[in-house]
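Thank you all for coming.

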Amino acid sequence: MSDEERQQLTDMTRKGVHSARVMTRARLLLLSDQGLLDQDVAQRQDVNAATVASIRRKYVEGGLEAALYEKSRPKQPPKLNAQQTAILIAEVCSTPEGREKWTMQLLADRLVTLGVVDSISDETVRRTLKKNALKPWQVQSWCVAQVGADFVWRMEAVLDTYAQPYDASRPVICFDEKSYQLLDHVHDPLPPVPGVPARVDHEYKRCGTVNFFVAFEPLTGQRTVTVTERRGNAEFAAQLQALELRYREAEKITLVLDQLSTHTPAALYQHLPAEEARRLSRRFEWMYTPKHASWLNMAELEWSALQRQCLGQRLASKEAVEHEIQAWETDRNARSVRVNWQFSTQTAR
């Protein structure tokens, strides 16, 4: 090895700016240049003796560059040309007959059936779709609101309400309801032990449903979750009666809710004497979110937290649900967890 080559390899090993593979080969060449046997060089660098012999042979036959670096390998031509790829994409964007969605194997078989290719693997299909940012197994669903005058005035009324400072005489209560499926274990779950996670059998049995009502005061960080067996006008009326008692000192209660058919003063007139229904309905300022925009109700955020933190487990009875929710609610109220609401009227516009 020439002095210049020896110095070049020494600099490479000292600076450490090359890949680990190139650095190893440089050290192998330097040790071999010292007259060490292949076995000794291999032992020092923790490699196979055949590797040392291969690097020396590459140096002798092709020089330093050939010994240090791999030859650039020609790229394999794509399995599908531009026209075939276009046909694949067109198929992905269609709906398969007799199937809910395309799979990689279905697409591979489809290309063969159409005569696009003689044969193709599902992995080739997957790589081609990935390159073109297509994922036929994914489906997104959303509800598109019609943003017209009715939407805007209701949205701005809600946002203006949220922007008001706290006033104990006119508390803002975000109200909503959700149903919940009761589930029980068929086989008892096994608790975790060191080195083994908890184990839950996938089989379960249905035990009916219950309904949740949540009344959330975002500016004080207080919420009440009530569990009922049914949902209807009678249960809604009872919730409003409980709210009025809870805020009996308030001049008026601003109630933010969605446009569910039961969320109207009519529920009060249906289950209370007309005089009491009128009195109770006037205790509230009824504030409705736009249709398909229940996300404007901060109670939705409480549902999300409740689902993530408490309701992911299997609960088989109304009593079990009430027990878990009571613990969750007590802790959250003790910490006065509020909402940092950032969506304003100006932002919306």
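In which strand is Thr254 found? Thr254 is found in strand 4, where helices (H or I, at least four residues) and strands (E, at least two) are DSSP runs, numbered from the N terminus. Before I go further, this is a predicted model, in which local features need pLDDT of at least 70 and side-chain atom pairs count only at pLDDT 80 or more, while totals for chains, interfaces and linings use all residues. Residues are numbered from 1 along each chain as its sequence is written, and side-chain values use heavy atoms, with hydrogens and water left out.

Thr254 is buried, with a relative accessible area of 5%; buried means under 20% relative accessible area, exposed over 50%, and partly exposed in between, using a 1.4 Å probe and protein chains only. Leaving aside neighbours within four places in sequence, Thr254 is in contact with Thr161, Pro171, Val172, Ile173, Glu285 and Met287, where contact means heavy atoms within 4.5 Å. The C-alpha atoms of Thr254 and Arg283 are separated by 8.7 Å, and these two residues are 29 residues apart along the chain.

Let me turn to helix 9. Helix 9 covers residues 149-163, and its 15 residues reach 21 Å from the first C-alpha to the last, close to the 21 Å expected at 1.5 Å a residue, the expected span being 1.5 Å times one less than the number of residues. Its buried residues are Phe151, Arg154, Met155, Glu156, Val158, Leu159, Thr161 and Tyr162, and they pack against strand 1 (172-185), strand 4 (253-257), strand 5 (284-288) and helix 15 (345-348).

Side chains of opposite charge can pair when their charged atoms come close. The structure holds 22 salt bridges, a salt bridge being a side-chain nitrogen of Lys or Arg within 4 Å of a carboxyl oxygen of Asp or Glu. Arg154 forms one with Asp150, the closest N and O atoms being 3.4 Å apart, and both residues lie in helix 9, four residues apart, about one turn of the helix. Of this pair, Arg154 is buried, at 18% relative accessible area, whereas Asp150 is partly exposed, at 41%.

What does the salt bridge between Glu156 and Arg349 tie together? The side chains meet at 2.9 Å, N to O, and because Glu156 lies in helix 9 and Arg349 in the segment after helix 15, the pair ties together parts that are 193 residues apart in sequence. Glu156 counts as buried at 15% relative accessibility, while Arg349 is exposed at 67%.

A further pair is Lys178 with Asp176, whose side chains meet in a salt bridge at 3.4 Å, N to O. Lys178 is partly exposed, with a relative accessible area of 32%, and Asp176 is buried, with 2%. There is also a network of salt bridges that links Glu244, Glu276, Arg279 and Arg283.

The largest pocket has a volume of about 290 Å³.

Thr85 lies in helix 6 and is buried, with a relative accessible area of 13%. Not counting residues up to four places away in sequence, Thr85 touches Leu80, Thr128 and Asn132.

I will finish with backbone geometry. Asp46 has a positive phi of about 60° although it is not a glycine; Asp46 lies in the loop between helix 3 (38-45) and helix 4 (49-62) and is exposed, at 71% relative accessible area. His292, another residue other than glycine, has a positive phi near 65°, and His292 lies in the loop between strand 5 and helix 13 (299-309).

Technical notes
On a 1 Å grid over the protein atoms alone, a cavity is a set of points where a 1.4 Å probe fits but cannot get out, and a pocket is an open set with protein on both sides within 12 Å along at least five of seven lines; lining residues have an atom within 4 Å of a point. Grid points are joined across faces, edges and corners, and a volume is the space filled by probe spheres set on the points.
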